[in-house]
Amino acid sequence: MTVGVLLAVVASIGLQRFPDVFARMHAATKPATLGLALVLGGAALVMDDAGSVVKLLLVVALQFVTAPVGSHLVGRAAYRAGTELDESTAVDELAGIDPDA
């Protein structure tokens with residue numbers, strides 16, 4: 001649980017410190033998802049009820065499925081809306097691709 005909380009703190013710091021929306025997507029997805037999984041895994045270890053453990057594991061599974069998809073969609077929407085890339089961005093993989101395709 002403690003490691004999960006630390007990862008959630010790292011994710012929140014990344015959301016505040018990273019320069020653009022594309023970098024912030026990583027902070028909102030990777031450490032936050034793993035932090036949530038660790039916190040809920042720790043909670044599942046102390047639960048006595050099997051039904052509650054199943055619900056916690058279901059939340060973790062859904063988080064692992066939906067967080068990357070949501071982050072990807074936010075990134076695409078931000079790119080299509082014309083959000084500026086940070087000047088430290090080295091590669092623009094979507095440059096030259098038709099945004100309406």
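Guide: Contact here means heavy atoms within 4.5 Å. The model is predicted.

Visitor: Which residues does Ala44 touch, not counting residues up to four places away in sequence?

Guide: Ala44 lies in helix H2. Leaving out residues up to four places away in sequence, the residues that Ala44 touches are Val53 and Leu56.

Visitor: Is Ala44 buried or exposed?

Guide: Buried means under 20% relative accessible area. Ala44 has 13% relative accessibility, so Ala44 counts as buried.

Visitor: How many Å apart in space are Ala44 and Phe64, C-alpha to C-alpha?

Guide: In sequence, Ala44 and Phe64 are 20 residues apart. In space, C-alpha to C-alpha, the two are separated by 17 Å.

Visitor: How far does helix H2 reach from its first C-alpha to its last?

Guide: Helix H2 covers residues 21-46, which is 26 residues. At 1.5 Å a residue, 38 Å is expected. The reach in the model is close to that, at 37 Å.

Visitor: On which residue is the kink in H2 centred?

Guide: The kink in H2 is about 30 degrees.

Visitor: Which helices do the buried residues of H2 pack against?

Guide: The buried residues of H2 include Phe22, Met25, Pro31, Leu40 and Ala44. They pack against helix H1 (2-17) and helix H3 (50-80).

Visitor: Where does the kink in H3 lie?

Guide: H3 has 31 residues and reaches 45 Å from its first C-alpha to its last, close to the 45 Å expected. The kink in H3 is about 25 degrees and comes shortly before the proline Pro68. It lies at Thr66.

Visitor: What do the buried residues of H3 pack against?

Guide: Among the buried residues of H3 are Leu56, Val60 and Ala67. The buried residues of H3 pack against H2.

Visitor: Which residues does Ala11 touch, not counting residues up to four places away in sequence?

Guide: Ala11 is placed in helix H1. With 4% relative accessibility, Ala11 counts as buried. Ala11 and Ala28 are 17 residues apart in sequence and 6.0 Å apart in space, C-alpha to C-alpha. Not counting residues up to four places away, the residues touched by Ala11 are Ala27, Pro31 and Ala32.

Notes. Residues are numbered from 1 along each chain as its sequence is written. This is a predicted model: local features need pLDDT of at least 70, side-chain atom pairs count only at pLDDT 80 or more; totals for chains, interfaces and linings use all residues. Side-chain values use heavy atoms; hydrogens and water are left out. Helices (H or I, at least four residues) and strands (E, at least two) are DSSP runs, numbered from the N terminus. The expected span of a helix is 1.5 Å times one less than its number of residues. The bend at a residue is the angle between axes fitted to the seven residues ending there and the seven starting there. Buried means under 20% relative accessible area, exposed over 50%, partly exposed in between (1.4 Å probe, protein chains only).
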